[in-house]
Amino acid sequence: MMRLVLLGPPGAGKGTQAQFLTGRLAIPKISTGEMLRQAADRGTPLGVQAQRYISRGELVPDDLVVSLVEERLQEPDVAAGFLLDGFPRTLNQAETLDEWLASRRQELNAVVDLQVPDDVIVDRLAYRVVCSVCQAPYHLLIRPPRTPGVCDVCGSPLEQRADDPAGLVRERLRVYHERTAPVTDYYRDRGLLVEVDGELPVPQVTDVIVRELTARVLARS
Ligand code: AP5
């Protein structure tokens, strides 16, 4: 049973690692960014509201995101564990998650913090394309799709994300440092933080995370 959080700035590789870790650890991922974009694409009231914030590089208000996550956490497939990607990203979200889990006698096993400097991120996101359907991320130079413009996973067309132009990426990084960096300290103080070098090649980052998590689980058993 693993209950995990993936933290890190925009473009740190959370989505990329979530894709591989769900397979290696056999737990479902819960990506708030993906869920919000899907809601926006479907034009639901929540999606329309969220899109206003996403398109400005701002965080979606806590109450909207928290209710989305709480609803998802009650579905049967997450009973045996989950990997949260992109949540929590404010102190209020972290505290609410802790309370929600505690009320069910559950707790997080670890919080993985992917560390990547800002200049590397700006460069990465300039070359990112994502699947228009399953949202799998690619890097046009480092991790290109097998067939140009086509998703390896589901065969759908690839596109640039609307919040990836450089100006918006800088705003997302500013918001990250102001609002989400304190969440890292919150989990460090609770002894849950696992810091990982997100500049290593993708498979090595996955290996380091799996090794660190396995060591933690063994140390506690
Ligand atoms: P979200 O979708 O969560 O975006 P993000 O946190 O900004 O992160 P990204 O998805 O941009 O990057 P990533 O870390 O997943 O990197 P990736 O694997 O793609 O959120 C979007 C918006 O939704 C937010 O701005 C906010 O408005 C809203 N939102 C979401 N959650 C919220 C919440 N909890 N509260 C409030 N608002 C919320 O990789 C990036 C690129 O790098 C790719 O091209 C990839 O191929 C490449 N790459 C990955 N790893 C490596 C590596 N090791 N080496 C080289 N290249 C790599």
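This briefing walks through the ligand site, some ring contacts and a few backbone details of the structure above.

The model is predicted, so local features need pLDDT of at least 70 and side-chain atom pairs count only at pLDDT 80 or more, while totals for chains, interfaces and linings use all residues. Residues are numbered from 1 along each chain as its sequence is written, and side-chain values use heavy atoms, with hydrogens and water left out.

**Around the ligand**

- There are 35 residues around the ligand, and G15, T16, E58, R128 and R172 come nearest. Here, a residue is near a molecule if one of its heavy atoms lies within 4 Å of it.
- Sorted by class, this shell holds 15 nonpolar, 10 polar and 10 charged residues. Ala, Val, Leu, Ile, Met, Phe, Trp, Tyr, Cys and Pro count as nonpolar, Asp, Glu, Lys and Arg as charged, and the others, Gly among them, as polar.
- G13 has a backbone N or O atom 3.0 Å from an oxygen atom of the ligand. A polar contact is a pair of N or O atoms within 3.5 Å; within protein, one must be able to donate a hydrogen and the other to accept it, and residues adjacent in sequence count only if both atoms are side-chain atoms.
- On its own the ligand has 1000 Å² of accessible area, and the protein covers 97% of that. Such areas come from the Shrake-Rupley method with a 1.4 Å probe; for residues, only the protein chains shown count as cover.
- Two or more residues of the shell come from each of α1 (14–25), α2 (32–42), α6 (118–126) and β6 (137–139). The largest share, 4 residues, belongs to α2. Helices (H or I, at least four residues) and strands (E, at least two) are DSSP runs, numbered from the N terminus.

**Rings and charges**

- The whole structure contains 1 aromatic pair. The ring centres of Y186 and Y187 are 5.1 Å apart and their planes stand at 80 degrees, so this pair is edge-to-face. Rings of Phe, Tyr and Trp (its six-membered ring) pair if their centres lie within 6.5 Å; planes under 30 degrees apart count as stacked, over 60 as edge-to-face and the rest as tilted.
- Both Y186 and Y187 are buried. Buried means under 20% relative accessible area, exposed over 50%, and partly exposed in between (1.4 Å probe, protein chains only).
- R190 places its charged end over the ring of Y186, 3.6 Å from the centre. R56 lies over the face of Y53, 5.5 Å from the ring centre. A charge sits over a ring if NZ of Lys or CZ of Arg is within 6 Å of the ring centre and within 35 degrees of the ring normal.

**Two helix residues**

- S67 belongs to helix α4 (residues 62–73). With 40% relative accessibility, S67 is partly exposed. A polar side-chain atom of S67 lies 3.0 Å from the backbone oxygen of L64.
- A39 is part of helix α2, and its 3% relative accessibility makes it buried.

**Backbone details**

- Most residues other than glycine have a negative phi, and most peptide bonds are trans.
- F87 and P88 are joined by a cis peptide bond, with omega about 0 degrees. P88 is in the loop between β3 (81–85) and α5 (91–102).
- A26 is not a glycine, yet has a positive phi of about 55 degrees. A26 sits in the loop between α1 and β2 (29–31) and is exposed at 66% relative accessibility.
- R105 is not a glycine either and has a positive phi of about 55 degrees. R105 sits in the loop between α5 and β4 (110–115) and is exposed at 82% relative accessibility.
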